[in-house]
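Open the model in your viewer and keep the selection panel at hand. The tour moves stop by stop, and each stop tells you what to select.

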Amino acid sequence: MDNIAGKKSGLTWAVHISVAALVLLWIFPTLGLLISSFRTTDQIRTSGWWAALFPAVQNETLRTADPDDFRVGRDGYFVLEGNLYVVDGAVETPDDVVADVSVWGTSSREIDAYLPGETADLGDGETMTVQSNGDYIWTGNDEQLSGRGQRVFVTAESPPEFTLRNYQSVLFDPGNREGMSKAFFNTLTVTIPATIIPILIAAFAAYALAWMDFPGRALLVAAVVALLVVPLQLALIPLLSLHNDIGIGKGYLGVWLAHTGFGLPLAIYLLRNYMVGLPRDIIESAKVDGATDFQIFTKIVLPLSFPALASFAIFQFLWTWNDLLVAMVFLIDSSGETTVMTRQIVELLGTRGGDWEILATSAFVSIAVPLIVFFSMQRYLVRGLLAGSVK
Amino acid sequence: MRHTLYTSAAALALTAGLAHADAHMPFVAGEGGFNWDSYNAYADATDLSGQSVTIAGPWLSPEADRFDILLNYFEAATGAEATYTGSDSFEQQIVIDAEAGSAPNIAVFPQPGLAAVMAGNGLLTPLGDEMAAWVNENYAAGQSWVDLGTYADADGNDQFYGFFFNVNVKSLVWYVPENFEDAGYDVPETMEELLALSEQIVADGETPWCIGLGSGAATGWPATDWVEDIMLRTQTPDVYDQWVTNEIPFNDPRVVNAIETFGTFARTDGWVQGGAGAVATTDFRDSPTGLFASPPGCYMHRQASFIPAFFPEGTEVGEDADFFYFPSFEGEDLGNPVLGGGTLMAVTDMNDATMGFMAFLQTPFAHEIMMAQGGFLTPHSGVNLDTYSSAVESGQGEILLNATTFRFDGSDLMPGAIGAGSFWTGMVDYAGGADAMDVATQIQESWEALQ
């Protein structure tokens, strides 16, 4: 009888290790997603997200300015001066350059031919010098300094760099190329009513099933429990044809009704079990004082049931937020106006499958709201989970 | 008084209509490199006032907007009214509409398969031998285009139904000209030179090819294009056609040889970036990045004309990256075959205006007006290549004009379970090290299981 309450189990360390392992298992991908969403395409392609926090040595291909426009004639030959990073558009002025060139070259075969400050002989009197901050001087004759700018391959150490551009293009791009901002609001339009409607109905139903005497009450409760085990996939097509027959068709109303219907059995069951556990004395004294059922419900039961209501709200919110199947069946039509975020991300996987920064950002936008909801209401979740199980 | 009011209202409406037309006809008559003579000759010879033609197809914006501009010129020339409706579920829609007898006059098919089925059900109207002869004469590799548009009708007789309008090219090898310059390599003219160049690059301690087959659920398709291209370069077009229709089995030695030739590129140690093992797992969208790495991760990448969309941001096609024709073997006498795809027009409901519109599509002008707006390639040999919107498209147009044979992407012509199923997975297995004969036999078995 060592293992009774109040004494520590000898296996505490196993519990701690598994909790730590589970936490790490979830934290790492989420963190990777978050960091990737602040990086540029090129950064993602050249190094992993874990390398983003440290200075990275990168090989870059830069190009001088267009000689035809910018070269300056000087005693029979031409000179072109500037800064590689400014030409590239990475920075505004040479003073802003943060990279530190360690070696450079002008041929793709020898990208590490010269040290900063050295002068490269490009043949026939054509020369080029590159400094460690990217400043270059290129001299040569009329023919040599023409056409396109000379490619310069630099190997430079750059400090960590993060960008908000991904979020800007996903959420605020006026052209709405990724369609995420519209999908974001569409998802909210689906989720908020689809959370509130079932709670409203289920709270009334749960009170009636818990505290009002009427014939067949036990049978009704049994029926609700039985409905819990019916998979919703079974009802998709019959329900859609019903919607089409009664003229709702595909749209927000249809998806709200569907989510309400699919959410109700669990909601009623959970809330009824919680309400049954409320002290009988309070409710009976209210009745003695002449309170009607509606007054008891609004003044006593509802405030006391808040944890259960909140926990079901979290469940229903997360489930409708992450839902793709029900939205595909009841909401999304060929007009493309009513797409939701889950669907948009599936689309992006196809159309922008190689653009990890867009995918990571979109994914993070879609998990951000559930995270906020969860962390702000998680204290109710545990209480609600236990609702009705312990008396 | 009332009369004058009406007249001025009519005049106003007329001017408004004219201004409207101008905004929708951006190319001014007589200017640019267009063949205005062909347009004017057509306009003088054709009067379809009061008639109308309806066209349905899979093009959405921006392709649909470009096509609308073509229709505006057609309307101005003939007085007929032409409307185009695009739908992304076109392939389902057209079957339902045609069966129900409410089809548009002309349907634009994204590939020949569906058109052939509808022709067999008697839902299409043949364009006639005269049109077939015109295509044979005026399209480069004309016979190929006639064959691709010829299907059996309801009675089993072959008739010419499909007129190709807007095609694309897959037989392209992309490279970075400045990297070739730095290393002193020349663009290969023949397959023998291409193989020699690959060996040369390996000998120089570099990697010649970037190949990636990854594409989510469609992983493997880039390899099918490789095999099709090699089939066209090692066998006659007849053998290719027989292969696509399974008249010769998939594990025929000639097909296995093509798969193994692809293996020369994808499975030889040191020939492909990341090693042979990485081919199947590299995403096709990421695979061209090696071309632009510093130092170069690879020197060549074989892919269709759409791939520049996946080049790094800021890449100028034609300057930073360019392409050459995936060459044919000098040793084989097979000409210059080109692999590609394209959309074809077929008549679903015949009337005079419809025939008039098909005749309009035969004028070089109709092609040039599309070429000038971009996203359009044509094998019409009478067009002015200068009217292409970019040098890149002009180069691809030239490849089409130099073609002696054109063949449609074979995996699109095979049944879905093969061309978008076992062929893909089989090529992934092959890239992963499976034996070519085993892979081909498996694909053949899955094909037999369909019948």
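The stops below cover aromatic pairs, charges over rings, and cavities.

**Before you start**

This is a predicted model. Keep that in mind at every stop.

**Stop 1: a pair of rings in chain B**

Counted over all chains, there are 64 aromatic pairs. Start with one of them: select B:Tyr175 and B:Phe324, a tilted pair with 5.3 Å from centre to centre. Their planes make an angle of 55 degrees. Now colour the strands. B:Tyr175 belongs to strand β7 (residues 172-175) of chain B, and B:Phe324 to strand β9 (residues 322-325) of chain B. The two residues are 149 residues apart, so far as the chain is counted, and the pair links distant parts of it. Are B:Tyr175 and B:Phe324 buried or exposed? Both are buried.

**Stop 2: a second pair**

Select B:Phe265 and B:Phe326 next. Their ring centres are 6.4 Å apart. B:Phe265 sits in helix α12 (residues 253-267) of chain B. B:Phe326 is in the loop between β9 and β10 (337-347) of chain B. B:Phe265 and B:Phe326 are both buried.

**Stop 3: charges over rings**

Move to chain A. Select A:Arg71 and A:Phe78. A:Arg71 lies over the face of A:Phe78, 3.9 Å from the ring centre.

Return to chain B and pick B:Arg267 with B:Tyr430. The charged end of B:Arg267 is placed over the ring of B:Tyr430, at 4.3 Å from its centre.

**Stop 4: the largest cavity**

How many cavities of 30 Å³ or more are there? The count is three. The largest has a volume of about 50 Å³. To find it, select its lining: B:Trp59, B:Glu63, B:Arg66, B:Asn166, B:Met370, B:Gly374, B:Gly375 and B:Phe376. Colour by class and you get three nonpolar, three polar and two charged residues.

**Stop 5: the second largest cavity**

This cavity holds about 50 Å³ of space. Its lining includes B:Cys210, B:Trp226, B:Phe284, B:His301 and B:Arg302. Which elements give two or more residues to this lining? They are α10 (221-234) and β8 (300-302) of chain B. By class, the lining has five nonpolar, three polar and one charged residues.

Key: Residues are numbered from 1 along each chain as its sequence is written. Chains are lettered from A and ligands numbered from 1 in the order in which they are written. This is a predicted model: local features need pLDDT of at least 70, side-chain atom pairs count only at pLDDT 80 or more; totals for chains, interfaces and linings use all residues. Side-chain values use heavy atoms; hydrogens and water are left out. Rings of Phe, Tyr and Trp (its six-membered ring) pair if their centres lie within 6.5 Å; planes under 30 degrees apart count as stacked, over 60 as edge-to-face and the rest as tilted. Helices (H or I, at least four residues) and strands (E, at least two) are DSSP runs, numbered from the N terminus. Buried means under 20% relative accessible area, exposed over 50%, partly exposed in between (1.4 Å probe, protein chains only). A charge sits over a ring if NZ of Lys or CZ of Arg is within 6 Å of the ring centre and within 35 degrees of the ring normal. On a 1 Å grid over the protein atoms alone, a cavity is a set of points where a 1.4 Å probe fits but cannot get out, and a pocket is an open set with protein on both sides within 12 Å along at least five of seven lines; lining residues have an atom within 4 Å of a point. Grid points are joined across faces, edges and corners, and a volume is the space filled by probe spheres set on the points. Ala, Val, Leu, Ile, Met, Phe, Trp, Tyr, Cys and Pro count as nonpolar, Asp, Glu, Lys and Arg as charged, and the others, Gly among them, as polar.
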